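Colleague: Hi! I'm new to this one, could you walk me through it?

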Amino acid sequence: MRALDRLRSDARVVGALLRGMPSGISHRDRLDQFYRPQAADYDRFRERLLGGRQDLVDSLALPENASVLELGAGTGANLDRFPTNLLATGQFVLVDLCPALLAQSKMRHRDRTNVRIVESDAASFDSPQRFDAVVISYALSMMPTFGDVIDNALRLLRPGGKLAVVDFYLWSGGAPARVRHGALTRTFWSRWFAHDGVELDGRRLRHLAERFPEHELVERVQPVPMLLGMSVPYFRFIGIKPATLTRS
Ligand SMILES: C[S@@+](CC[C@H](N)C(=O)[O-])C[C@H]1O[C@@H](n2cnc3c(N)ncnc32)[C@H](O)[C@@H]1O
């Protein structure tokens, strides 16, 4: 891509981010209005903003033929992070609620017969299949019904299956995280992201840890493009569904 095209592409995304998430309409329509003007530029820009996605997929260490569900899969770009042997032999279901991003995903994976792309709310998506892994990448923070989404992911996993989550977050201290973010950091980033419909408070991580007592949590920061010297905290979480479960 030429330098001028790159600038134009960035400008379209930044324009959409500055306009922010619309309000007063359904969640689906809000997502579509927010993402439609930046759908074709989404992957190039988010590659520099959404850290830890390759590490998340790598740490899943799935065998060939594994079945994988991604909730809030957007353009479906995370699939390209899986090892080629798994990509060739596995079964993949990509769920999202935003028609504009689903269209990108359908175009990207049009030649793959082992990839199913579904428009659905992640909280209510259903399938007779139980999956080896469920991935939620930078999507929980945009899901107001995150508790229902996590519970649904738990239900859709086979016993011993893995839930893999990567997302931005802010933490005021205590288990399950080790890092504590100061008041200034928490105020700045929560206001910055709220404009685009992203919630960073600790409720999502707390719910994950409650539902998946056996888990691994890694905490990192990601430099933000165009905000020189500034980094936003994110976590990677891998939870294992217990072999026997009292609820779900
Ligand atoms: C920041 S994007 C992340 C997309 C992709 N997972 C990635 O890593 O690039 C958040 C995604 O969550 C989707 N999303 C938000 N709320 C949703 C819901 N309730 N059900 C399904 N998808 C949802 C959005 O449409 C969007 O594609």
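Colleague: How many helices and strands does the chain have?

Modeller: The chain has 9 helices and 7 strands. Helices (H or I, at least four residues) and strands (E, at least two) are DSSP runs, numbered from the N terminus. This is a predicted model, where local features need pLDDT of at least 70, side-chain atom pairs count only at pLDDT 80 or more, and totals for chains, interfaces and linings use all residues. Residues are numbered from 1 along each chain as its sequence is written.

Colleague: And the strands, what order do they take in the sheet?

Modeller: The order is β3-β2-β1-β4-β5-β7-β6, in an open sheet with mixed pairing. Strands count as paired if DSSP finds at least two bridges between them. β3 (115-119) and β6 (215-223) are the edge strands, each pairing on one side only.

Colleague: In which sense do β5 and β7 pair?

Modeller: Antiparallel: β5 (residues 157-168) and β7 (residues 231-240) share 7 bridges. Leucine 163 stands opposite glycine 239 in β7.

Colleague: Which strands does helix α4 touch?

Modeller: Helix α4 (residues 53-60) packs on the sheet against β4 (131-137), β5 and β7, and its direction makes about 165 degrees with that of β5. Contact here puts the C-beta atoms of two residues, placed from the backbone, within 7 Å. Axes are lines fitted to C-alpha atoms, for helices over the stretch in contact, and angles run from 0 to 180 degrees between N-to-C directions.

Colleague: What about α9, which strands does that helix lie across?

Modeller: Helix α9 (residues 203-211) lies across β5, β6 and β7, at about 15 degrees to β7.

Colleague: Switching topic, which residues come nearest the ligand?

Modeller: Gly72, Gly74, Cys98, Ser137 and Ala139 do, out of 23 residues around the ligand. α2 (27-35) and β2 (91-96) are the elements that give two or more residues to that shell. A residue is near a molecule if its C-beta atom, placed from the backbone, lies within 6 Å of it.

Colleague: Last one: what box do the C-alpha atoms of the chain fill?

Modeller: Roughly 50 × 45 × 35 Å, taken along the principal axes.
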